[in-house]
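Here is a short report for a first look at a protein model. Keep the sequence and the 3D view open while reading.

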Amino acid sequence: MSLIAYVTRIHFADRVVEDALPEELRKLTLSRLLILTDRAGERDDAFDRVVDALPAGVVHLSMRDVPVPPVAEDAAAAAAYAVGHACDGMVALGGPAVLVLARASGQVAGLPVVAMPTTTAGVGLGPMPAAFGPAAVPALILCDPTLTLSASPGATAAAGMDALTHCLEAYLGTTWNPPADGIALDGLRRAAAHLERAVGMGQDLAARREMLAAALNAGLAAQKGLGGVHALAHALEAEAGSAAPHGRLHAALLPQVMAFNAPAIADRLEALRWVLRLPPGADVASALAALGARIGLPTGIRGLGLDRQALGRVARTAAEDPANRTNPRHATAVDYLAMLEASA
């Protein structure tokens with residue numbers, strides 16, 4: 001059995017696109033679907049496999065240049081496209097940007113969304129960017145590890161570190177949710193144990209499967225909210241655009257954010273050391289930053305070329321990000337500026 005019914009209907013299995021998609025669409029009574037793709041969703045045979053499993057009459061909208069995070073105008077345009085083509089549902093195939101876009105545009109159009117991730121950066125769950133507000137959870141998520149095999153080492157590293165950091169920040173967040181804590185710790189364990197292998201040996205299906213499982217855990221656990229790393233990452237992405245793809249800077253930001261949070265997370269560090277297989281007293285942030293360096297992620301943000309004025313804008317944006325509300329310690333713009341300067 002591949003079905004997991006937690007938060008929504010989720011299938012997890014190799015080649016689950018072919019095995020589960022047609023029957024699930026019959027259950028949802030969907031017959032004319034708009035398929036949204038980005039570059040990640042159009043790699044190799046992913047698109048053809050999905051189209052072959054869909055009913056006739058598929059409408060395709062390529063969002064190759066959708067920004068990260070997407071903007072509200074793109075969501076409105078996709079919703080209008082779906083309505084104009086008399087679609088009764090949406091399929092999102094690709095990375096986190098198109099999954100977010102589909103959730104937002106599906107809500108605008110009043111259509112159910114089927115999410116099919118082709119990276120391990122997200123599975124279509126978790127908090128939405130502030131510009132969109134709350135958005136509906138997908139009606140169906142298909143997690144098929146075989147769809148992630150062609151992701152490049154760089155994309156795999158950034159996506160995997162994003163999933164790992166989602167799990168870490170969800171576990172450390174202020175919201176009370178013991179089941180989500182357990183899911184977060186399991187995802188962190190899987191990501192830390194398999195990320196290097198997934199980056200170094202891209203065709204290792206077992207490693208890809210474990211990283212997609214970590215991403216699923218990250219999405220489920222993120223119901224608790226996130227924290228300062230994501231608040232800063234979102235703000236840096238808004239300031240630097242394509243120079244700061246999501247997940248790429250997480251390892252560089254972790255030491256500063258965890259140092260700031262240290263007074264509020266001491267009681268949780270031993271559980272983190274246990275799942276990460278670190279010795280008692282080991283520095284968790286340093287271990288994760290070292291992991292990031294080993295898989296080729298930046299060790300600082302200096303490569304973005306942002307001056308102090310730009311860093312000030314980033315700090316103010318981070319302080320207003322929803323992820324800051326569930327950070328273990330409330331951080332002000334002054335606090336975030338100090339973290340950024342320490343990472344520069």
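This is a predicted model: local features need pLDDT of at least 70, side-chain atom pairs count only at pLDDT 80 or more; totals for chains, interfaces and linings use all residues.

Residues are numbered from 1 along each chain as its sequence is written, and side-chain values use heavy atoms, with hydrogens and water left out.

Helices (H or I, at least four residues) and strands (E, at least two) are DSSP runs, numbered from the N terminus. Start with helix α4, residues 96-109. The expected span is 1.5 Å times one less than the number of residues.

How many residues of α4 are buried? The count is 11 of 14, so the helix is mostly covered. Buried means under 20% relative accessible area, exposed means over 50%, and partly exposed lies in between (1.4 Å probe, protein chains only). Among the buried residues of α4 are Val 98, Leu 99, Arg 103 and Ala 109. Their cover includes strands β3 (33-37), β5 (89-94) and β6 (113-117), along with helix α3. Just after α4, Gly 110 takes a positive phi of about 70°.

Helix α3 spans residues 72-84 and holds Ala 76. Ala 76 is partly exposed, with a relative accessible area of 40%. Its C-alpha atom is 18 Å from that of Gly 124, which sits 48 residues away along the chain.

**Thr 37 in strand β3**

Thr 37 belongs to strand β3. Is Thr 37 buried or exposed? Thr 37 is buried, with a relative accessible area of 0%. Its side chain makes a polar contact with the side chain of Glu 42, at 2.5 Å. A polar contact is a pair of N or O atoms within 3.5 Å; within protein, one must be able to donate a hydrogen and the other to accept it, and residues adjacent in sequence count only if both atoms are side-chain atoms. Contact in general means heavy atoms within 4.5 Å. Leaving aside neighbours within four places in sequence, Thr 37 is in contact with residues including Phe 47, His 60, Met 63, Leu 93 and Val 98.

**Salt bridges**

A salt bridge is a side-chain nitrogen of Lys or Arg within 4 Å of a carboxyl oxygen of Asp or Glu. By this rule the count is 16. The table gives some of them.

| Pair | N to O distance |
|---|---|
| Asp 144 and Arg 49 | 3.0 Å |
| Asp 181 and Arg 268 | 3.1 Å |
| Arg 197 and Asp 204 | 2.7 Å |

Take Asp 144 and Arg 49, which meet in a salt bridge. Asp 144 lies in the loop between β7 (140-143) and α5 (153-172), and Arg 49 in helix α2 (residues 46-53), so the pair ties together parts that are 95 residues apart in sequence. Both Asp 144 and Arg 49 are buried. Arg 15, Glu 18, Arg 49 and Asp 144 are linked in a network of salt bridges.

Asp 181 forms a salt bridge with Arg 268. Asp 181 is in helix α6 (residues 178-200) and Arg 268 in the loop between α9 (250-265) and α10 (269-275), so this pair ties together parts 87 residues apart in sequence. Asp 181 counts as buried at 9% relative accessibility, whereas Arg 268 is partly exposed at 21%. Arg 197 is partly exposed at 31%.

**Helix α12**

Helix α12 runs over residues 308-320. Its 13 residues reach 19 Å from first C-alpha to last, close to the expected 18 Å. Its buried residues include Leu 311, Val 314 and Ala 318. The buried residues of α12 pack against α8 (228-240) and α13 (333-343). Asp 307 caps the N-terminal end, with a side-chain oxygen 3.3 Å from the backbone nitrogen of Gln 309.

**Loop residues with positive phi**

Arg 15 has a positive phi of about 55° although it is not a glycine. Arg 15 sits in the loop between β2 and α1 (16-28) and is partly exposed at 41%. Asp 44, also not a glycine, has a positive phi of about 50°. Asp 44 is in the loop between β3 and α2 and is exposed, with a relative accessible area of 62%.
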